[in-house]
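These are my notebook entries on a single protein chain.

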Amino acid sequence: MMDLALFYFLVLGFAIFMYVLLDGFDLGIGILYPWFNQEGERDHLMRSISHVWDGNETWLVFGGVVLFAAFPAAYAGITSTFYLPIMLMLFALIFRGVAFEYRFKSDTSRPYWDFAFSAGSAIAAFCQGMLLGSIVQGVPAGVDSLSSLHWLTPFSILTGFSVMAGYALLAACYLFMKSRGRIQEHAAKLGKQLLLITILAMVIVSLWTVATQIDIRQRWFSGLNFLWLSPLPIITLVVAVLAWRDLNRHSNDVVHHEGRPFWYAATLFLLGFAGLVVGLFPYLIPRQLTFMEAASPDSSLLFLLPGICIFVPLICAYTLWGYRVFAGKVEDYQEGY
């Protein structure tokens, strides 16, 4: 039943994008952590995400469940091939989560928890970028990840650092929206630098992909395809210019629409994700497995359907409610989190 398999493919894509967007900015807070070291700044950064970080990771769990239940062949292929970077990412997320619980209660050991939070965030983001690059580049079928490092290539290392830069950009725009004074000004400065780095990384990754992946190049440039797909890079450039403009306005001590840079950064991720889907569709594992081939039997997909229809709106509702309750600026007079 292709329509049902396509539905789960879209649900999986939605879960991945929501995780990248929401957990992306709070991982980015950890990546930016070393650049905020004045009195009280790191407490402020932790408070800014303390109410949402664990809820954001719901989407990682949900995406894994959808992949496991709806596309077990793809789940088996991805987890076995990329076992080492996946485990490294999970351990980094664990240490990062523990740092939240212990940092506010610590005194002499606080520098160690600061390091665990920052390093855990950076490593998790880098591993996610490497996974993305390895999947796009393709790994030979039947590779044993315990005896091979096929996933560790110059391209995957580039995508690892690119995802780190993108997450840091989301975090800078988030801090610009949630902070005041010195921290907001510093976030705006970092945001402009990271915006340039992110756009440059997107250009390099796109050109490298087109140059080395024949099927993706044909998808984009055969016939009139590029004419139909050209709005994606054009809109990306326009959104980047708008984000730069709003971040740059802060230099004149006039702040307009403080939330807009974050949504512009989110739009950049959405456009990049759309370009990725255009290049890879209908594959879950490029050149090996499509979503139709990886899908569970129809009976299993039908069995899962009520749970998906209940829990997707439920997760969206409590996520929206949580962000609505904690809308506004982060106040530094609050103790702990």
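Is Cys 127 buried or exposed? I found that Cys 127 is buried, its relative accessible area being 1%. Here buried means under 20% relative accessible area, exposed means over 50%, and partly exposed lies in between (1.4 Å probe, protein chains only).

Before going on, I noted that this is a predicted model, in which local features need pLDDT of at least 70 and side-chain atom pairs count only at pLDDT 80 or more, while totals for chains, interfaces and linings use all residues. Residues are numbered from 1 along each chain as its sequence is written, and side-chain values use heavy atoms, with hydrogens and water left out.

I then searched the whole structure for disulfides (pairs of cysteine sulfur atoms within 2.5 Å), and the search found 0.

Entry on salt bridges. I counted a salt bridge wherever a side-chain nitrogen of Lys or Arg is within 4 Å of a carboxyl oxygen of Asp or Glu. The count came to 11.

I looked up Arg 110 and Asp 43, whose side chains form a salt bridge with an N to O distance of 3.5 Å. Arg 110 belongs to helix α7 (residues 110-137) and Asp 43 to helix α2 (residues 41-49), and the pair links distant parts of the chain, 67 residues apart. Helices are DSSP runs (H or I, at least four residues), numbered from the N terminus. Arg 110 is partly exposed, at 23% relative accessibility.

Next I looked up Asp 114 and Arg 103, whose closest N and O atoms are 2.4 Å apart in a salt bridge. Asp 114 lies in helix α7 and Arg 103 in helix α6, so this pair ties together parts 11 residues apart in sequence. I recorded both Asp 114 and Arg 103 as buried. Through shared partners, salt bridges join Arg 42, Asp 43, Arg 103, Arg 110 and Asp 114 into one network.

Entry on the core. I took a nonpolar core to be a set of buried Ala, Val, Leu, Ile, Met, Phe, Trp, Tyr and Cys residues joined through side-chain atoms within 4.5 Å. The largest one has 97 residues, and Leu 32, Phe 62, Phe 71 and Tyr 167 have the most contacts inside it. Helix α1 (residues 2-32) supplies the largest share of this core, 18 residues.

Which residues does Leu 32 touch, not counting those up to four places away in sequence? With contact meaning heavy atoms within 4.5 Å, I listed Ala 168, Ala 171, Ala 172, Leu 175, Leu 190 and Leu 194 for Leu 32.

Terms used
Helices (H or I, at least four residues) and strands (E, at least two) are DSSP runs, numbered from the N terminus.
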